[in-house]
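I opened the notebook to record, entry by entry, what I looked up in this structure. The entries move from the surface to the rings, and then to the chain as a whole and the confidence in it.

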Amino acid sequence: MVTKFKILRTGVGFIYPVYRSVQAIMSEDVEDDMTWLRYWVILAVVSMVEVMVDPLVDFFPGYLIGKCAFLIWCMAPLENNGVSFIFTQIIFPLFKKRYLKVEFDQLDPVQERVSWVNFWRRNR
C-alpha cells in the first residue's frame with residue numbers, strides 16, 4: 001500500500017510539473033517560466049527537509065496523502081497557490097537576507113560582486 005502512495009506522490013510531484021515546465025519554456029510568457037522555476041525551488045527545499053524528517057513521520061497514516069495534497073496546492077493554477085505563498089513569504093526573504101550578508105562580507109576587492117541575473121529573460 002505504501003508503494004502505491006509513493007508512486008502517486010512521484011507522479012503528482014514530478015510528471016505533471018515537468019510537462020507544464022516544458023510548456024512554459026516553449027511559450028513566450030516569462031511569468032509562467034518563473035512560476036515553474038519557483039515550484040522547482042520549493043520542491044528542492046521540501047526534499048531536503050524530507051530527508052531529515054521522513055524517517056520520523058513516514059509511519060503516520062495519511063502522511064503521503066498529505067504530502068500529495070501539499071504538492072497539489074503548490075502547483076494549483078491559482079494566484080495565491082502554495083508556491084507563491086511559500087516562495088514570497090519564506091524562501092525569498094531568507095535568501096535575500098543571506099545573499100546580502102554574503103555580498104557585504106566579501107573582503108577581497110578583486111573579486112567580482114555577485115549580481116542578480118535573470119537567466120530566464122528571453123532576447124526579443
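**Entry 1**

Residues are numbered from 1 along each chain as its sequence is written, and side-chain values use heavy atoms, with hydrogens and water left out.

F14 lies in helix 1, and I logged F14 as partly exposed because its relative accessibility is 40%. The classes are buried at under 20% relative accessible area, exposed at over 50% and partly exposed in between (1.4 Å probe, protein chains only). Helices (H or I, at least four residues) and strands (E, at least two) are DSSP runs, numbered from the N terminus.

S21 is found in helix 1 as well, which covers residues 2-26, but S21 counts as buried because its relative accessible area is 11%. Leaving aside neighbours within four places in sequence, I found S21 in contact (heavy atoms within 4.5 Å) with W36 and W40.

**Entry 2: aromatic pairs**

I then turned to the rings, and the structure holds seven aromatic pairs. Rings of Phe, Tyr and Trp (its six-membered ring) pair if their centres lie within 6.5 Å, and planes under 30 degrees apart count as stacked, over 60 as edge-to-face and the rest as tilted. One of the pairs is Y16 with W36, which is edge-to-face at 6.2 Å centre to centre, with 75 degrees between the planes. This pair links distant parts of the chain, as Y16 is in helix 1 and W36 in helix 2 (residues 30-57), 20 residues apart. W36 is buried, at a relative accessible area of 8%, whereas Y16 is partly exposed at 39%.

F70 and W73 form a tilted pair, 6.1 Å centre to centre with 55 degrees between the planes. Both lie in helix 3 (residues 63-75), three residues apart, about one turn of the helix. F70 is partly exposed at 24% relative accessibility, and W73 is partly exposed at 36%.

Which residues do ring pairs link into a cluster? I listed F14, Y16, W36, Y39 and W40.

**Entry 3: the whole chain and its confidence**

I counted four helices and zero strands in the protein chain, and 24% of its 124 residues count as buried.

The chain averages a pLDDT (the predictor's confidence in each residue, from 0 to 100) of 76, and 77% of the residues score at least 70. Confidence is lowest in helix 4 (residues 82-105), at a mean of 77, and highest in helix 2, at 86. Over residues 109-124 the pLDDT is below 50, and beyond near neighbours in sequence this stretch has 26 contacts in the model. Where pLDDT is low, the predicted coordinates should not be read in detail.

Technical notes
This is a predicted model: local features need pLDDT of at least 70, side-chain atom pairs count only at pLDDT 80 or more; totals for chains, interfaces and linings use all residues.
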